[in-house]
Amino acid sequence: EAVGALKMGGLLYLCCTDARTAAGKNAGPQALRAFGAVAQSMPFSNELAARLVIADAVRQAATRGMLLQPFFSFYHRASSCTRVMP
């Protein structure tokens with residue numbers, strides 16, 4: 001619903017606190033339910049997590065006829081949290 005609240009030129013800040021699912025460490029159905037895609041554990045899982053969050057936001061925006069562009073992403077190792085600004 002956050003995507004629906006955006007205005008033209010607005011910024012959206014997303015945070016993924018379930019890093020294990022986004023990085024492919026948990027079962028596939030959990031990632032499919034959360035992100036609409038199945039993640040696999042890889043050496044670059046942190047980047048994969050950011051891409052999953054961005055892709056989900058872009059899909060949600062597209063269903064509303066909106067366009068989102070990735071602007072910023074960051075992985076905080078201490079908290080295992082992926083932050084994205086699409």
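Helices here are DSSP runs of at least four residues, numbered from the N terminus. Keep in mind that this is a predicted model.

**View 1. Lys25 sits in a loop between two helices.** On one side of the loop is helix H1 (19-22), and on the other is helix H2 (28-35). If you skip its neighbours within four places in sequence, Lys25 is in contact with Arg20 and Ser41. Now find Met42, which is 17 residues away from Lys25 along the chain. The C-alpha atoms of Lys25 and Met42 are separated by 9.3 Å.

**View 2. Glu47 and Arg51 meet in a salt bridge.** Look at the side chains here: the N to O distance is 2.7 Å. Where do the two partners lie? Both belong to helix H3 (residues 45-63), and they are 4 residues apart, about one turn of the helix. Glu47 is partly exposed, at 41% relative accessible area. Arg51 has a relative accessibility of 54%, and because the cut-off for exposed is over 50%, Arg51 counts as exposed.

View 3. Helix H3 holds both residues, with Asp56 and Arg59 3 residues apart, about one turn of the helix. As for Arg59, its relative accessible area of 39% makes it partly exposed. How many salt bridges are there in the model? The count comes to 2.

**View 4. Strands E2 and E3 pair up in the antiparallel sense.** E2 covers residues 72-76 and E3 covers residues 81-85, and the pairing runs over 5 bridges. Pick out Ser73 and look across to E3: its bridge partner there is Val84. The hairpin has 4 residues between the strands. Check out Ser80 in this hairpin, which takes a positive phi near 50°.

**View 5. Here's the largest pocket, with about 260 Å³ of space.** Which residues line the pocket? Among them are Leu6, Lys7, Met8, Gly9, Gly10 and Leu11, and also Met66, Leu67, Leu68 and Gln69. Phe71 and Pro86 are part of the lining as well. Sorted by class, the lining has 8 nonpolar, 3 polar and 1 charged residues.

Notes. Residues are numbered from 1 along each chain as its sequence is written. This is a predicted model: local features need pLDDT of at least 70, side-chain atom pairs count only at pLDDT 80 or more; totals for chains, interfaces and linings use all residues. Side-chain values use heavy atoms; hydrogens and water are left out. On a 1 Å grid over the protein atoms alone, a cavity is a set of points where a 1.4 Å probe fits but cannot get out, and a pocket is an open set with protein on both sides within 12 Å along at least five of seven lines; lining residues have an atom within 4 Å of a point. Grid points are joined across faces, edges and corners, and a volume is the space filled by probe spheres set on the points. Ala, Val, Leu, Ile, Met, Phe, Trp, Tyr, Cys and Pro count as nonpolar, Asp, Glu, Lys and Arg as charged, and the others, Gly among them, as polar. A salt bridge is a side-chain nitrogen of Lys or Arg within 4 Å of a carboxyl oxygen of Asp or Glu. Buried means under 20% relative accessible area, exposed over 50%, partly exposed in between (1.4 Å probe, protein chains only). Two strands pair if DSSP finds at least two bridges between them. Contact means heavy atoms within 4.5 Å.
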